[in-house]
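Open your viewer and get ready to click through a few side chains with me. We will go from one selection to the next, with a short note at each stop.

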Amino acid sequence: MNSPCIKFCQIDHATGLCAGCSRSLDEIAGWAGYSEEQRAEIMADLPGRRSAEGQEGGE
């Protein structure tokens, strides 16, 4: 099963996303139960989440 997990699990309280993989707690908890299509959609969205996280507070 494909996963974005990099074994650096720390939830950012401001965004509610994991600092390592950018998934929400609900996404992390439900990952194994998601279909391949659902996981692919989330994986495709992650780079945009990381970009948005990097811009917060940096301007």
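**First stop: R23 and its surroundings**

Select R23 and, leaving aside its neighbours within four places in sequence, show what it touches: S3, P4, C5, G16, L17, C18, I28, W31, I42, L46 and R49 are in contact with R23, where contact means heavy atoms within 4.5 Å. A word on what you are viewing: this is a predicted model, in which local features need pLDDT of at least 70 and side-chain atom pairs count only at pLDDT 80 or more, while totals for chains, interfaces and linings use all residues. Residues are numbered from 1 along each chain as its sequence is written, and side-chain values use heavy atoms, with hydrogens and water left out.

R23 belongs to the segment before α1 (25-30); helices here are DSSP runs of H or I with at least four residues, numbered from the N terminus. A salt bridge needs a side-chain nitrogen of Lys or Arg within 4 Å of a carboxyl oxygen of Asp or Glu.

**Next: the ring of W31**

The charged end of R23 sits over its ring, 4.7 Å from the centre (CZ of Arg or NZ of Lys within 6 Å of the ring centre and within 35 degrees of the ring normal). W31 is buried at 5% relative accessibility.

Bring in Y34 as well: W31 and Y34 form an edge-to-face aromatic pair, 6.2 Å centre to centre with 70° between the planes. For such pairs the centres lie within 6.5 Å, and planes over 60 degrees apart count as edge-to-face, with Trp represented by its six-membered ring. Y34 is partly exposed, at 22% relative accessible area.

**Then: the salt bridges**

The structure holds three salt bridges. Select R49 and E27, whose side chains meet at 2.7 Å, N to O. R49 lies in helix α2 (residues 36-55) and E27 in helix α1, so this pair ties together parts 22 residues apart in sequence.

Through shared partners, salt bridges join E27, D45 and R49 into one network.

Finish with R39 and E36, bridged at 2.4 Å between the closest N and O atoms. R39 is buried, with 7% relative accessible area, whereas E36 is partly exposed at 49%.

Conventions: Helix = DSSP H or I, 4+ residues; strand = E, 2+ residues; numbered from the N terminus. Phe/Tyr/Trp six-rings, centres within 6.5 Å; stacked < 30°, edge-to-face > 60°. Buried < 20%, exposed > 50% of the residue type's maximum accessible area, 1.4 Å probe, protein only.
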